[in-house]
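Visitor: I am new to this structure. Please take one part and go through it closely.

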Amino acid sequence: MNMLEDLLSTLLMLLVACAMVIAYLSPIIGLSLVWSFLRKRAARRRMQNLFIKCGYDLRGSNERCPECNTSFERSRC
Ligand SMILES: [Zn+2]
């Protein structure tokens, strides 16, 4: 009986330790997923000649995006 209690106590401590590791790592994993998504979206928009900020097609625009009214330099977008 005492051995079973020790085993259950050890399993409970292991479960709590795993939960703490997941709780500490989840913000880092979440932020890295968001950062990865934003980088991929910017790269895709750059390849398709779209404005990085809003995704609008800038081929007919000169200095301001007609969608979000943000000024841009032709070489940077
Ligand atoms: Zn825009």
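Guide: Asn 69 sits in the segment after helix 1. Helices here are DSSP runs of H or I with at least four residues, strands are runs of E with at least two, and both are numbered from the N terminus. The model is predicted, so local features need pLDDT of at least 70 and side-chain atom pairs count only at pLDDT 80 or more, while totals for chains, interfaces and linings use all residues. Residues are numbered from 1 along each chain as its sequence is written.

Asn 69 is not a glycine, yet its phi is positive, near 65°. Asn 69 is exposed, because 8 other C-beta atoms lie within 10 Å.

With 10 other C-beta atoms within 10 Å, Asn 49 is exposed.

Now the setting of this segment. The chain has one helix and zero strands. Its radius of gyration is 25 Å, well over the 11 Å that the globule rule gives for 77 residues, so the chain is more spread out than a compact globule. That radius is taken over C-alpha atoms, and the rule is 2.2 Å times the number of residues to the power 0.38. Along its principal axes, the C-alpha trace spans about 80 × 20 × 15 Å. Of the 77 residues in the chain, 1% are buried.

How values were computed
A residue is buried if 20 or more other C-beta atoms lie within 10 Å of its own, exposed if 12 or fewer, and partly exposed in between; C-beta atoms are placed from the backbone.
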